[in-house]
Amino acid sequence: MRFGDEARSWAYARTVLKGFAPSLNFRQTRHPALDGARGLAVLAMVMGHTLDALLAPAFRDHPWVQEYWKLRGITAPLFLLVSGWAVVMALGTKPGAAKDSFGRRFRRALLLLFLGYLLHWPGWGAVRELGFSDAMLRKVFQFDALQCIGAALLLGAMALVVTPNRGARALLLGGLAVGIPLASAGMWHAGEHLPVPLQQFIGNGEGSRFPFFPWAGFFFAGAFAAQLLHLLKPGLAQGFSLLALGGALLGLTHQVPVEWTPTSPTMVMYRVAQGLLVLGVVNLLPQRLSGLLAPLGRLSLWIYVLHLPVVYGWADIAGLSQRIGPRLGMAAAMGVSVALLVGCYLVARLGRWAREQARPWRAGSTTLGASVGTARLGQ
């Protein structure tokens, strides 16, 4: 082959490969604050669940423990808020990204719903004992955090597809963020005579922990904030904007009475304000510091799935709350919580490594910076 022919061949090969570059390039970045915020929420969640299950009553009355219970209230709202933010941030600026990634988001939502219901499976013995009754349906279809995130992700993915225009998208996401909490009381009242699984979803069913109304409002508040601030660079710009937005909402809660009822929209507004402030602070932290929490954030879904059965049991298998119960001192309970967090992290890390070895072409393909992928939902 002559030199000229070889040069033309290489030029042609580069042209062909360049055409495939969007589908072959897996070098993507993650939003630096989201994983840190998730990691902080994971840390508070595992410690909170473990202390709640194991701490002796005498230690619960300690003033700083009572303060910790109050601060713990931000954990679930922060998860939902960050999940909504991540969904919008993952779209990037590519036109049609929401439509291209809908299938992946749909599968992700189904996975979250499946895992959520699996964690609350009472076991065949309990199902046979209760029979086909409302009590059995309440146990099997108990609505919790993963189901709420999965249902909100499903609705959010459809909302993003039908609103390619940024202005229309912001209006729709803002409407859902405000409308879901405002409609909660009415939906609870309207669902009184619906089947038990629907009551669990709406929230008026007994035992529904994180019902769609009003908890999905946190998800869409995060998505709306991300849509508003999508032009700002992560770090100082987004951090100060989030602090301003969260501070404004927090100031607004001082002008109206905050009701701590399950369907209270002012409660949602107050927790959204706190979540935005936390996310703003994490944005402003040096990446070296927020990076310490990021590994927990990237595996938060699987840490959540792993630690719940250990703490509370699963089906007919007793957990720490049944085996040890609330009788440990502060040091012992803290030691168990740290050991549990580290153990769940290592198992989740090992599982991710094994999956990447089995499917190397998928490694890193769902990180937040992708213009054609879905964001990892915590996890």
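In this predicted model, Pro 214 belongs to helix 13, which covers residues 212–228. The peptide bond that joins Phe 213 to Pro 214 is cis, and its omega is near 10 degrees.

A further backbone feature occurs at Ala 315, whose phi is positive, at about 55 degrees, although this residue is not a glycine. Ala 315 sits in the loop between helix 18 and helix 19 (320–323). Its relative accessibility is 31%, and Ala 315 therefore counts as partly exposed.

Helix 7 comprises 18 residues (102–119) and spans 26 Å from its first C-alpha to its last, close to the 26 Å expected at 1.5 Å a residue. Its buried residues are Arg 105, Arg 108, Ala 109, Leu 112, Leu 113, Leu 115, Gly 116 and Leu 119. Viewed down the helix axis, these buried residues fall within an arc of 165 degrees, so they line one face of helix 7. Arg 107 and Phe 114 are exposed, on the face of helix 7 turned away from the buried side.

The largest pocket holds about 1,200 Å³ of space. Its lining is formed by 44 residues, of which His 49, His 120, Asp 144, Arg 209 and Phe 210 are the closest to the centre. Both domain 1 (30–61 + 292–353) and domain 2 (85–285) contribute to this lining, so the largest pocket lies between them. At least two lining residues come from each of helix 2 (32–54), helix 5 (75–89), helix 9 (134–140), helix 10 (145–162), helix 15 (265–284) and helix 18 (300–312). The lining divides by class as follows.

| Class in the lining of the largest pocket | Number |
|---|---|
| Nonpolar | 26 residues |
| Polar | 11 residues |

Note on methods:
Residues are numbered from 1 along each chain as its sequence is written. This is a predicted model: local features need pLDDT of at least 70, side-chain atom pairs count only at pLDDT 80 or more; totals for chains, interfaces and linings use all residues. Side-chain values use heavy atoms; hydrogens and water are left out. On a 1 Å grid over the protein atoms alone, a cavity is a set of points where a 1.4 Å probe fits but cannot get out, and a pocket is an open set with protein on both sides within 12 Å along at least five of seven lines; lining residues have an atom within 4 Å of a point. Grid points are joined across faces, edges and corners, and a volume is the space filled by probe spheres set on the points. Helices (H or I, at least four residues) and strands (E, at least two) are DSSP runs, numbered from the N terminus. Ala, Val, Leu, Ile, Met, Phe, Trp, Tyr, Cys and Pro count as nonpolar, Asp, Glu, Lys and Arg as charged, and the others, Gly among them, as polar. Domain bounds come from an automatic or database domain assignment. The expected span of a helix is 1.5 Å times one less than its number of residues. Buried means under 20% relative accessible area, exposed over 50%, partly exposed in between (1.4 Å probe, protein chains only). The arc is that of the directions from the helix axis to the C-beta atoms.
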